[in-house]
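Thanks for coming. Please have a look at the model before I start.

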Amino acid sequence: MGKAAVITGADRGLGLAIVKEFLEKGYLVYAGQYMAEWGELGDLKKEYEDKLRIIPLDVGDDSSVKNACKLVQAETDSIDMLVNNAGIAGSAGDIYELEELERGLAMYNTNCLGALRMVHAFLPLLEKGEEKRLCFVSSEAGSISVCHRGEGFVYPMSKTALNMAVRMLFEELYPKGYTFRLFHPGWVKSYMSGTKSTVGKFEPEESAASACKFFAEELMQEDVLRMYDNEFAVWPF
Amino acid sequence: MGYKVAIEGQSDSFKEELNREFKKAGHEAAESGAVDILVYCINPLSCEATDYDALLKAYENTALELLRKVSEYLPLLEKGNKKRLCFVTSLDSSINNTRTSDHWERIISASCNMAVKTLFNRLNPLGFTFRVFAAEDFNNLSDASYAVRYMLQDRSMEEESHQHSDEKRIVIRDKYEREYPW
């Protein structure tokens, strides 16, 4: 039987490109769909009818995550890999003219707690899988050591929270046989602010190719948690 | 003449102890007007890993509140003489040193550390200085005296090279003034 992966934030951009990569590798992919009106996952489904399952999913909502897990459980009792890609971006502006922080709370809820919800919900399925691999799309923005920003605040804060959450999950689950991938995708022309960015160094497909290689292959040192970027450079916390 | 000090954040007993220590050193609580030193205590309420509502609430009340408070105090600090921002974080907030999976509120403390670093990038070039003290335990009130000693230090004349002075970069220090990783 082939391997199975659950991938969040799969509608477009990096998430969609990761879905395509894993489909090409022969995985059965459960793709989390947040925006049903966005048609690209539907188009891909026509191409990979047997291998792609689209599941409605809002990682920021407890009941949505539970429902998504039930849908997967109805088909299989095991998955091999969970890829936490869903994320939103934004800014709280300058500290002298601080903007509304509601978006900052939403960012933390999606970017950090969303990944936690997914891990907790899907652990029983991962437990029965062969790979037991947990993957997280983080960002250099979450690295306190190299932080160069002087404004914005809330997006980097949400990614730092994610990095700490992954560290704590690693400490809990690595001794139980789980392996971890913490990934900074590089400066991608992403959709994280709503529409596809016109600036960036990498197309989503380029970063996704690196991501899938990193997520699927074995590392020399699985007992150490490190954040790697799409060019396989290590980033400090 | 002593400094006018404002203390905000979480942990009432620790804040009171900080207040006592500042008084002991000859400084007073800022009542209104100019503020010389702002201290913010990063001590989110304890949270379980799966209690997402508690983790959201603690983030709102600790991390986002940190931004609100600093923004609110900036005009008062501009009028003050010291322009110093101090934060009491916890040793547990270090991602590099975390080797356990308890106390999930640490994800919030770590995100606050990022907020502090970003504030440093913005405000240090404008003349603000920063102190980040890591408490071992907010219930251990004796940590407050170490915190205040560090917050009041001027380190520009220290023996370390100018580049490594705490006035030009931001570091976490513990009660022995050892540097602690993020």
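What volume does the largest pocket have? The answer is about 1200 Å³. Keep in mind that this is a predicted model, so every value I give is computed from the prediction.

The lining of that pocket takes in 47 residues. Closest to the centre are A:Gly87, A:Ile88 and A:Ala89, together with A:Ser190 and A:Met192. If you want to find the lining by helices, look at chain A: helix 1, which spans 13–24, helix 4 and helix 5 each supply at least two of the lining residues. Sorted by class, the lining of the largest pocket holds 19 nonpolar, 20 polar and eight charged residues.

Next, the second largest pocket. Its volume is about 320 Å³. There are 17 residues in the lining, and the closest to the centre are B:Asn43, B:Asp92, B:His103, B:Glu105 and B:Phe138. The classes here are five nonpolar, seven polar and five charged residues.

Now the contact between the chains. How many residues does each chain bring to it? Chain A gives 42 residues and chain B gives 44. Between them, chain A and chain B bury an area of about 3700 Å², and carbon and sulfur atoms account for 73% of that area.

What about charged pairs across this interface? One salt bridge is found between chain A and chain B. The partners are A:Asp94 and B:Arg122, whose side chains come to 2.5 Å, counted from N to O.

Which helices of chain A supply at least two residues each to the side that touches chain B? They are helix 4, residues 102–127, and helix 5, residues 154–173. Helix 5 of chain A provides the largest share of that side, with 14 residues. By class, the side of chain A that touches chain B has 23 nonpolar, 11 polar and eight charged residues.

Key
Residues are numbered from 1 along each chain as its sequence is written. Chains are lettered from A and ligands numbered from 1 in the order in which they are written. This is a predicted model: local features need pLDDT of at least 70, side-chain atom pairs count only at pLDDT 80 or more; totals for chains, interfaces and linings use all residues. Side-chain values use heavy atoms; hydrogens and water are left out. Contact means heavy atoms within 4.5 Å. Buried area is the accessible area (1.4 Å probe) that two parts lose on being put together, summed over both. A salt bridge is a side-chain nitrogen of Lys or Arg within 4 Å of a carboxyl oxygen of Asp or Glu. Helices (H or I, at least four residues) and strands (E, at least two) are DSSP runs, numbered from the N terminus. Ala, Val, Leu, Ile, Met, Phe, Trp, Tyr, Cys and Pro count as nonpolar, Asp, Glu, Lys and Arg as charged, and the others, Gly among them, as polar. On a 1 Å grid over the protein atoms alone, a cavity is a set of points where a 1.4 Å probe fits but cannot get out, and a pocket is an open set with protein on both sides within 12 Å along at least five of seven lines; lining residues have an atom within 4 Å of a point. Grid points are joined across faces, edges and corners, and a volume is the space filled by probe spheres set on the points.
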